[in-house]
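Subject: Handover of a structure and its findings

Dear colleague,

Please find below the structure that I am handing over to you. The findings follow after it, and I would ask you to keep the structure open while you read.

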Amino acid sequence: MPSAIKSGVGVIPRGSGAAEGCRAAFLRIRAMTDHLAEPLTAEDMLVQPMTDASPTKWHLAHTTWFFETFVLAPHKPGHRDFHPDFRFLFNSYYNAVGSRPDRDKRGSFSRPGLDEVRAYRRYVDEQVQELLAAEPGSDSLAILELGLHHEQQHQELMVTDIKCVFGSNPLRPAYRELSAERVAPAPPQRWLEFEGGIQAVGYDGTGFCFDNELERHDVLLQPFRLASRPVTNSEYLEFMEDGGYSRPELWLSEGWDAVRAHGWEAPLYWERKHDGWLVLTLAGMRAVEPSEPVCHVSLFEADAYARWVGARLPTEFEWEATAASEPVVGNFLESERFHPVPAAASRSLRQIFGDVWEWTASPYVAYPGFRPAGGALGEYNGKFMSSQMVLRGGSCATPQSHIRASYRNFFPPSTRWQFTGIRLAQ
């Protein structure tokens with residue numbers, strides 16, 4: 001079994017009835033992807049405003065390519081590819097599979113058209129169901145489960161990428177009209193004390209996990225404090241109003257270079273108007289809500305803010321040790337708000353899961369005993385362990401069944417187009 005996955009209960013059950021459980025999960029997750037694309041026009045689905053943000057049409061095709069390439073071709077006898085050129089056209093970064101178009105060219109191809117991509121999805125869906133009806137072995141089911149989690153990752157990317165598409169449009173269109181919710185003030189931030197000591201980190205269960213969550217190992221934590229909730233817009237505005245973006249002493253050197261090179265003066269999607277700040281949401285432009293967690297900030301901005309208030313960012317191990325005993329509940333993709341909401345009043349940790357991915361001070365590196373899979377699936381996580389920082393907890397665009405305390409997301413420190421926010425530590 002590839003080490004990119006671990007057998008057990010994840011989005012599908014194991015043991016008796018595993019194939020039928022896998023079929024139900026497959027249909028549910030594939031339907032969610034199609035549901036997310038429903039509000040979009042064919043023109044919306046072709047735009048690629050920057051290299052990191054892929055067109056929706058490409059996401060629809062690439063997630064299908066994954067099942068055809070890694071599940072059907074090696075595991076379904078007699079399988080015939082839908083189109084001979086799709087193996088090349090919708091490869092993302094799997095060098096062992098073969099060549100692929102440059103990443104920044106994904107929005108350049110008007111063909112295949114959207115109708116053909118949707119026909120591709122239907123064809124592969126039918127083929128996967130035929131495979132499952134034949135009661136495939138555990139290796140086939142394990143790779144299919146990896147494909148389901150891979151598709152959930154792309155569901156999140158579809159949401160963040162279409163926001164980037166609309167953010168680049170001077171009309172600032174809305175993805176979908178969303179009902180306004182009553183907003184209550186965020187509770188005061190409190191410091192929660194943790195004793196530290198020897199702490200086991202990494203995945204510790206019988207279900208699905210990615211290879212970068214293994215092997216479980218011990219780390220030594222010094223006593224630390226963690227903020228009870230993420231930093232809010234109003235708190236971040238105080239940093240901005242105190243000249244936060246013009247004070248080089250607050251910034252890492254590379255971060256200060258980014259501020260000057262890109263002209264940053266606020267989080268991504270914020271726009272200054274004569275009567276205050278507006279922010280782009282997937283329901284269109286509206287006034288910045290003071291109580292909401294600040295989001296779309298880079299690691300550099302998160303670190304500068306932490307320095308400004310005399311704090312720091314948590315390490316990923318401090319974060320995991322704190323979150324491990326918390327239930328995985330919160331504002332996720334399934335709520336279809338597609339935007340962070342204010343924290344509820346509580347004396348305990350709030351929003352440790354959902355709403356915004358939380359930057360940590362930890363570089364994305366291998367755990368002791370890490371072993372990537374052989375072949376193309378070994379390229380899933382390990383090849384990116386360079387110049388990236390770890391984020392934890394998921395966001396309002398993350399599927400709830402996809403996240404857990406040991407989950408390690410990673411992006412370059414200048415990344416802002418994801419729903420990334422700040423939780424402080426001391």
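Does phenylalanine 66 count as buried or exposed, and what is the reason? Phenylalanine 66 counts as buried because its relative accessibility is 0%, and the cut-off for buried is under 20%. Please note that this is a predicted model.

The aromatic residues

A pair of aromatic rings is described by two quantities, the distance of the centres and the angle of the planes. The structure holds 35 aromatic pairs. One of them joins phenylalanine 66 and tyrosine 94, with 6.4 Å from centre to centre and 70 degrees between the planes, which is an edge-to-face arrangement. This pair links distant parts of the chain. Phenylalanine 66 belongs to helix 2 (residues 56–75), whereas tyrosine 94 is in the loop between helix 3 (86–89) and helix 4 (114–133), and the two are 28 residues apart. Tyrosine 94 is also buried, since its relative accessible area is 0%.

A further pair is formed by tryptophan 319 and phenylalanine 353. Their ring centres are 5.8 Å apart and their planes stand at 90 degrees, so this pair is edge-to-face. Tryptophan 319 is part of helix 9 (residues 316–323) and phenylalanine 353 is in the loop between helix 9 and strand 8 (357–363), so the pair ties together parts that are 34 residues apart in sequence. Both tryptophan 319 and phenylalanine 353 are buried.

Phe66 and Tyr94 also belong to one aromatic cluster, whose members include Phe26, Trp65, Phe67, Phe70, Tyr93, Tyr364, Phe384 and Phe410. In another place, an arginine accompanies a ring: arginine 106 lies over the face of tryptophan 58, 3.8 Å from the ring centre.

An open sheet is made of three strands in the order 5-6-7, and their pairing is antiparallel. Which strands stand at its edges? They are strand 5 (270–273) and strand 7 (284–287); each has a single partner strand, so one side of each is left without a neighbour in the sheet. On average, neighbouring strands of this sheet are turned by 35 degrees against each other, direction ignored. Strand 5 and strand 6 (residues 276–281) run antiparallel and are joined by four bridges. As for individual residues, glutamate 271 has leucine 278 in strand 6 as its bridge partner.

Strand 9 (residues 389–392) pairs with strand 8 in the antiparallel sense over three bridges. Strand 9 also pairs with strand 10 (residues 409–411), again antiparallel and over three bridges. Methionine 389 in strand 9 stands opposite proline 363, and methionine 389 also stands opposite phenylalanine 411 in strand 10. In a regular strand the side chains alternate between the two faces of the sheet. In strand 9, Met389 and Leu391 point one way while Val390 and Arg392 point the other way, and all are buried.

The chain as a whole

The protein chain contains nine helices and 11 strands. Its C-alpha trace spans about 65 × 55 × 40 Å along the principal axes. A compact globule of 426 residues would have a radius of gyration near 22 Å, and the protein chain agrees with this because its value is 22 Å. Of these 426 residues, 54% count as buried. Among contacts between residues at least 6 apart in sequence, 80% join residues at least 24 apart.

Yours sincerely,
A colleague

Methods:
Residues are numbered from 1 along each chain as its sequence is written. Side-chain values use heavy atoms; hydrogens and water are left out. Rings of Phe, Tyr and Trp (its six-membered ring) pair if their centres lie within 6.5 Å; planes under 30 degrees apart count as stacked, over 60 as edge-to-face and the rest as tilted. Buried means under 20% relative accessible area, exposed over 50%, partly exposed in between (1.4 Å probe, protein chains only). A charge sits over a ring if NZ of Lys or CZ of Arg is within 6 Å of the ring centre and within 35 degrees of the ring normal. Two strands pair if DSSP finds at least two bridges between them. Axes are lines fitted to C-alpha atoms, for helices over the stretch in contact, and angles run from 0 to 180 degrees between N-to-C directions. The radius of gyration is taken over C-alpha atoms; the globule rule is 2.2 Å times the number of residues to the power 0.38. Contact means heavy atoms within 4.5 Å.
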